[in-house]
Amino acid sequence: MQLTSPESLIFWTTIIFVVFFILLRKFAWKPILGAVQSREESINNALASAESARLEMLNLTASNERILQEARVERDALLKEAREMREKMIADSKAEAQVQGERMIEQAKTAIAAEKNAAMAELKSQVSTLSLDIAEKLLKNELSNKEAQTKLVENMLGDVKLN
Amino acid sequence: MIISKKPLQFLLVAFMACVPYISNANPLIDSVHVANEIVVEHHAEATHEKKEFNATDLINSHIGDSHEFHIADWEGHPISFYLPVILWTNNGLEVFSAEAFHHDNTGEHVVDVNGQKLVRFNEVIFYADKYEELSLDDRKNGAFAFDARPLDFSITKNVFSMFMSAIVMFFLFLVVARSYNKNKLAPKGLAGFLEPLVTFVRDDIARPNIGEKQYAKYMPYLLTIFFFIWINNLIGLIPFFPFSSNLTGNIYFTFVLAFITFIVTTLSGNKDYWGHIFNTPGVPVWLAPIMIPVEIIGMLTKPFALMIRLFANITAGHIIILSLVSLIFIFDTVWISPISGAFVLFMSVLEMLVAALQAYVFTLLSALFIGQAVAEHDHH
């Protein structure tokens, strides 16, 4: 390369470069770098908030699941309790009914027995009264005439065998 | 694959069909054209019809700086975009158009500017009287013969290109920065293109090398050098006016950038950084007379390597492309042009990769050096 006057290019390069640098720094690099940085920050923020929203969502789902699980367990427990209670009640009432029934039967039996005895006693008295009445009527009837009376006495005497 | 097959064959056939036409029709014009170009390169012997083609001169003139922007040649006359020449002479500041030199670069054409006689040799402007006293070697190294020439602050091709790229880039980035006010959503358009690069510089260059705590302070500088070098690398690859300047392949330019990185590094150096230079931990005190110069050389070699790396990579790419183009004129046949063209295409694509890569490397190493200067060691 043919070396030309060095001062020309050195002088102008220095001036142009320094001025170019100062102008660009003020009017281009500051706004561009600022915009790039602020956008990067906004992107990062958006990503971070999306991530946190996702985590929150996940938490929410998990807690929903947990609540549901708890509810299910509670429901199962309740159902079980109810079933047990029902069975117990049934068993209890069965037993009570049995006892009651037995007692009632017993009472009925006693009552029946008492009634029967009473009826028997009544019947007996009735029968005896009736018998007496019949006997009375029969005797009255038999002893209304002489002949019959004699016959009776004869019959009776006939029955009674003298030994 | 299937879609692309047919047009490719068609193109190939069309190209083959055209080759004889081109080769039959053009040798004369071509040689005249070569002659013209050579005549322009060596203005002194304009009367010669044909001269030995000198690829070195051609390449040197293309990768070097210039007072005018050469656009094309028309019937043997160069069409140029003349740039202002700004000189600090013994009589003060002089500004005039480069047209005054009439494309002369051999020291033959004397220009009279307000009574001062000036000549130009290899793009360096001398006082005519002092120029006569210089030997050829001194003339060739005229760039540093400060007593024989006025100080030259001209808007050269590279300065012009740098102005243009800086203005265009500034407005592009301004538009992008403005777009963020209106569009709070995901970036689109130019911002969508620029933003990944900005975040790339931030996340892959600044953060890992400088550290989470301090990187933000150096982001504007790193972004500026990254885009400044990258865009100027790309501008240098576009082979026509108003691009094609070899700005990033100019060692003065890379020197300034490397020097700025050096200043930034030195100014941000903390206690540990200076401690390592002047009192390297773990080294006996009596070694200090050796260690301190070594460390200071180490401080300087880092930006020096930056300067040479960018300059050499970009210039090498330009030289290879220009050499491949020159092959056509060296072999003096148009038949070499498909091969040469294919190689030029390949190299141009490779250079586009190198353009981005060198911008990345320069920025990465700047970040690394700054990172070393601001690193907080918790040692010993």
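Colleague: Which residues of α6(B) are buried?

Modeller: In this predicted model, the buried residues of α6(B) are B:Lys157, B:Asn158, B:Val159, B:Phe160, B:Ser161, B:Met162, B:Ser165, B:Ala166, B:Phe173, B:Val176 and B:Ala177. A residue is buried if 20 or more other C-beta atoms, placed from the backbone, lie within 10 Å of its own, exposed if 12 or fewer, and partly exposed in between. Helices are DSSP runs of H or I with at least four residues, strands are E runs of at least two, and both are numbered from the N terminus.

Colleague: What do the numbering and the pLDDT limits look like?

Modeller: Residues are numbered from 1 along each chain as its sequence is written, and chains are lettered from A and ligands numbered from 1 in the order in which they are written. Local features need pLDDT of at least 70 and side-chain atom pairs count only at pLDDT 80 or more, while totals for chains, interfaces and linings use all residues.

Colleague: Which residues touch the most other members of the largest nonpolar core?

Modeller: Of its 58 residues, these are B:Ala206, B:Tyr218, B:Leu222, B:Leu223, B:Ile225, B:Phe226 and B:Ile229. Such a core is a set of buried Ala, Val, Leu, Ile, Met, Phe, Trp, Tyr and Cys residues joined through C-beta atoms within 7 Å.

Colleague: Which helix gives the most to this core?

Modeller: That is α8(B), with 13 residues.

Colleague: And what does B:Tyr218 touch?

Modeller: Leaving out residues up to four places away in sequence, B:Tyr218 touches B:Ala206, B:Ile210 and B:Ile370; contact requires C-beta atoms, placed from the backbone, within 7 Å.

Colleague: How many helices and strands are in chain B?

Modeller: Chain B has twelve helices and eight strands, and 31% of its 380 residues count as buried.

Methods: Two residues are in contact if their C-beta atoms, placed from the backbone, lie within 7 Å.
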